Amino acid sequence: MPAFISSAPGKIILFGEHAVVYGKPAIAAPVTQVTARAIVQPDPRGAPGSMHIQAPAVGLDAFLADLPGEHPLATAVNGVLSTLGVSRPLACSLRITSTIPVASGLGSGAAVSVALIRALSAFLGRPLSDEQVSALAFEVEKLHHGTPSGIDNTVITYARPVYFVRGQPIEVLRVAQPFTIVIGDTGISSPTAIAVGDVRRLWQQTPAYYEALFNAAGQIAQQARQAIEAGHPETLGPLMDSNHALLQQMGVSSPELDHLVIVARQAGALGAKLSGAGRGGNMIVLIQPANATSVSEALSNAGAVRTITTQIIGR
Ligand code: PMV
């Protein structure tokens with residue numbers, strides 16, 4: 001029996017993070033330069049029904065039966081088994097590798113889940129549909145932070161730019177004119193749960209203020225959608241700048257993110273903003289393709305630990 005291998009990309013949120021948790025639209029796109037990979041293969045020496053799980057990047061080497069039920073990998077595996085009604089699979093080994101930095105807003109958790117769910121369901125002979133894959137990955141996202149919007153598992157499952165509204169059917173974006181984004185990593189690890197929890201507390205304290213910010217971010221996402229579908233990506237720059245200002249007012253930026261955003265603008269960016277939960281992690285920059293090297297160098301010189309240049313394309 002062969003090995004079953006599946007990969008899933010990272011992602012960036014182009015517009016609308018945080019507001020999306022409160023029902024506003026957001027736009028996200030896959031980042032194929034980084035990936036999570038899952039390999040499932042039979043383990044002829046394993047006890048019947050046993051699953052040996054290895055994820056070297058996080059120092060995990062254990063049997064499924066020994067992991068706590070709420071462990072993200074166990075939750076993903078058990079979700080597949082119960083969806084397929086399998087109680088004792090053939091003894092197998094599952095190996096997870098990933099080039100997506102953890103806790104940096106690039107969707108590493110969701111990408112691991114999606115790759116694992118696809119590889120395991122294929123190994124079991126019944127590959128799950130995209131809808132099922134995304135729904136199971138969403139259950140794992142809830143462990144990372146209690147109130148995920150579902151945008152990460154959606155964009156990573158479909159691996160296409162999406163216009164996303166919580167609880168509504170996925171809308172794949174038509175990107176009329178591809179555009180180029182440079183991603184700059186502050187190198188500061190920022191768990192999504194903390195930023196999302198802080199925003200929730202602040203929203204509860206001053207709901208009118210926060211709802212105005214969320215509404216404004218939602219309107220920006222709508223305008224951005226029109227610009228992307230009409231083939232005017234250059235007009236996204238000012239929208240990114242405005243979205244970053246709103247995220248600052250929500251309290252989720254940081255001195256390091258703000259510094260990289262300013263440096264990017266000085267280096268000729270069309271627009272820049274933090275991307276994802278904030279406080280650390282990544283920021284994104286809209287550029288003319290010819291400026292990719294100079295903007296990346298400016299970010300690195302200003303302290304970015306990694307830069308990725310990616311194209312946003314879509315059908
Ligand atoms: O996982 P991150 O850091 O890209 O953040 C996800 C985006 C949030 O809007 C902050 C949370 C969510 O569930 O949508």
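## Pockets in the model

A pocket here is an open set of grid points with protein on both sides within 12 Å along at least five of seven lines, and its lining residues have an atom within 4 Å of a point. With that in hand, let's take a walk through this predicted model. The largest pocket is lined by 47 residues, and those nearest its centre are Gly107, Ser108, Gly109, Ala110 and His144. Several elements give two or more residues to this lining: the strands E1 and E5, along with the helices H1 (72-84), H2 (108-123), H3 (130-144), H4 (151-158) and H5 (192-205). The largest share, six residues, comes from H2. The space in the largest pocket comes to about 850 Å³. Sorted by class, its lining holds 25 nonpolar, 18 polar and four charged residues.

The second largest pocket has a volume of about 320 Å³. Its lining is made up of 15 residues, with Ser134, Asn153, Thr154, Phe164 and Gln168 nearest the centre. Here the elements that give two or more residues are H3 and H4, and H3 gives the most, with four residues. The lining of this second pocket divides into six nonpolar, seven polar and two charged residues.

## An enclosed cavity

How many cavities of 30 Å³ or more does a search of the whole structure find? The search finds one. The largest cavity holds about 40 Å³ of space.

Its lining brings together residues from several parts of the sequence: Ser104 and Gly105, then Ser190 and Thr192, and then Ser275, Gly276, Ala277, Gly278, Gly280, Gly281 and Asn282. By class, that makes one nonpolar residue, ten polar residues and no charged ones.

## The sheet with E8 at work

Now for the strands. Four of them form an open sheet in the order E9-E10-E8-E11, with antiparallel pairing. At the edges are strand E9 (271-275) and strand E11 (306-312), each of which pairs on one side only. From one strand to the next, the twist averages 25 degrees.

Strand E8 (residues 179-185) is paired with E11 in the antiparallel sense, over seven bridges. To find your place along this pairing, look for Ile181, which stands opposite Thr310 in E11. Pairing of this kind, whether parallel or antiparallel, runs through backbone hydrogen bonds.

## E2 and its partners

Strand E2 (residues 26-42) pairs with strand E1 (residues 4-15) in the antiparallel sense over eleven bridges. Within that pairing, Lys11 stands opposite Pro30 in E2. E2 also pairs with strand E5 (residues 92-98), again in the antiparallel sense, over seven bridges. There, Arg37 stands opposite Thr97 in E5.

E2 has a further partner in strand E6 (residues 162-164): three bridges join the two, which run antiparallel. Ala28 has Val162 in E6 as its bridge partner.

Is Asp185 buried or exposed? Asp185 has a relative accessible area of 4%, and because buried means under 20%, this residue counts as buried. Asp185 lies in strand E8, and its side chain makes a polar contact of 2.5 Å with the side chain of Arg306. Arg306 falls within the residue range of edge strand E11 (306-312).

What does the side chain of Glu17 contact? A polar contact of 2.9 Å joins it to the side chain of Lys273. The side chain of Glu17 also reaches the backbone nitrogen of Gly276 at 2.9 Å.

How values were computed:
Residues are numbered from 1 along each chain as its sequence is written. This is a predicted model: local features need pLDDT of at least 70, side-chain atom pairs count only at pLDDT 80 or more; totals for chains, interfaces and linings use all residues. Side-chain values use heavy atoms; hydrogens and water are left out. Two strands pair if DSSP finds at least two bridges between them. Axes are lines fitted to C-alpha atoms, for helices over the stretch in contact, and angles run from 0 to 180 degrees between N-to-C directions. On a 1 Å grid over the protein atoms alone, a cavity is a set of points where a 1.4 Å probe fits but cannot get out, and a pocket is an open set with protein on both sides within 12 Å along at least five of seven lines; lining residues have an atom within 4 Å of a point. Grid points are joined across faces, edges and corners, and a volume is the space filled by probe spheres set on the points. Ala, Val, Leu, Ile, Met, Phe, Trp, Tyr, Cys and Pro count as nonpolar, Asp, Glu, Lys and Arg as charged, and the others, Gly among them, as polar. Buried means under 20% relative accessible area, exposed over 50%, partly exposed in between (1.4 Å probe, protein chains only). A polar contact is a pair of N or O atoms within 3.5 Å; within protein, one must be able to donate a hydrogen and the other to accept it, and residues adjacent in sequence count only if both atoms are side-chain atoms.
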